[in-house]
Amino acid sequence: MPDIDSTNGARTPWQVTRSVWFAMFMRETVSRTMADRFAWFWMIFEPVAFVGIFIAIRSMIRGDRFVIGADFIPWLIVGLMGFFLFREGMNRPVGAVEANQGLFAYRQVLPIDTVLVRIALEGLLRSFVFMLFIAGGVMLGLDLFADLPMLAMWAWLSLWALGAGMGLAVSAATALVPEIGRVVRMLSLPLMLLSGVIIPMALKPYHIQQLMLYNPIAHAVEFLRLGFFENYKAVHGISLLYVWLFALSMIALGLILHLRFAEELKAK
């Protein structure tokens, strides 16, 4: 289907939307990576700092003995990077509508466009940072080659979709009720602890494991680790189908909220 209407040369809605997304993507990219001279430093330093701190803590309690089928440091890096992908997909869209309020004077720009662009950009940036970690880890002799690359990529995509769904829903809710954004940001650390990112789920009592399995992030993180470490002993009962059902439900909810309250979001 051609982008130009052959009858009058007018642009089609898809071409207009594509142009809007491209322009906003370039704007967000410059803002995210160049507005702050330390932007790239913090994107890389944060996971490095987390890894260093938890390695020090776990080394004191001999925590590396409790990860079955994987070395502790690569296991920790993979889990942290997967969780950060979800976290940024959920948190970064918060405030996107307010930050781009001036653009809504153009009728081609909708509030949901700003959110979708941020979600896509964060996914690309986090994927690039993860590849840097993999390259650096391999050069340092760490086992960061994915044993099952297709499973690893699918789990990575699942975490991105999960974060995207939460980001869509939370961004609309926060634009309407700002206090929701503060609560969501406060949940980052508890979610990390409840997702088995730092301490293996297998170490928890059975009834705690069953409660943690209600959390779709835990399922996706475990599958991501399975993709990198074929012999890793993941907790029984994980399912990527559960992750995608949750992600698609949140994406649908987010789209509904943005469509239903589009005018209210523009007027904020």
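Begin by selecting F66, V67, I68, P200, M201, A202, E222, Y232, K233, A234 and V235, which line the largest cavity. A cavity here is a set of points on a 1 Å grid over the protein atoms alone where a 1.4 Å probe fits but cannot get out, and lining residues have an atom within 4 Å of a point. You are looking at a predicted model, in which local features need pLDDT of at least 70, side-chain atom pairs count only at pLDDT 80 or more, and totals for chains, interfaces and linings use all residues. Residues are numbered from 1 along each chain as its sequence is written, and side-chain values use heavy atoms, with hydrogens and water left out.

Stay at the cavity for a moment. The structure holds 1 cavity of 30 Å³ or more, and the largest cavity contains about 60 Å³ of space, a volume being the space filled by probe spheres set on the points. Its lining divides into 9 nonpolar, no polar and 2 charged residues. In this scheme Ala, Val, Leu, Ile, Met, Phe, Trp, Tyr, Cys and Pro count as nonpolar, Asp, Glu, Lys and Arg as charged, and the others, Gly among them, as polar.

Next, select helix α10 (residues 216-228) together with helix α6 (residues 149-176). Helices are DSSP runs (H or I, at least four residues), numbered from the N terminus. The two axes come within 7 Å and cross at roughly 155°, which makes α6 roughly antiparallel to α10. Axes are lines fitted to C-alpha atoms over the stretch in contact, with angles from 0 to 180 degrees between N-to-C directions; over 145 degrees counts as roughly antiparallel, under 35 as roughly parallel, 65 to 115 as roughly perpendicular and the rest as oblique. Show side chains for the contact (heavy atoms within 4.5 Å): the α6 residues include W156 and L159, and those of α10 include F223 and L224. This contact has 15 nonpolar, 1 polar and no charged residues.

P216, H219, A220 and F223 of α10 meet L240, Y242, V243 and F246 of α11, a set with 7 nonpolar, 1 polar and no charged residues.

For the last stop, select helix α3 (residues 72-91) and helix α5 (residues 111-139), whose axes come within 9 Å and cross at roughly 165°. They are therefore roughly antiparallel to each other. Among the residues that meet are M81, F84 and E88 in α3, and E122, R126 and F130 in α5. Colour this contact by class and you will find 9 nonpolar, 2 polar and 3 charged residues.

Conventions. Helix = DSSP H or I, 4+ residues; strand = E, 2+ residues; numbered from the N terminus. 1 Å grid on protein atoms, 1.4 Å probe; cavity = no way out; pocket = protein on both sides within 12 Å on 5 of 7 lines; lining within 4 Å.
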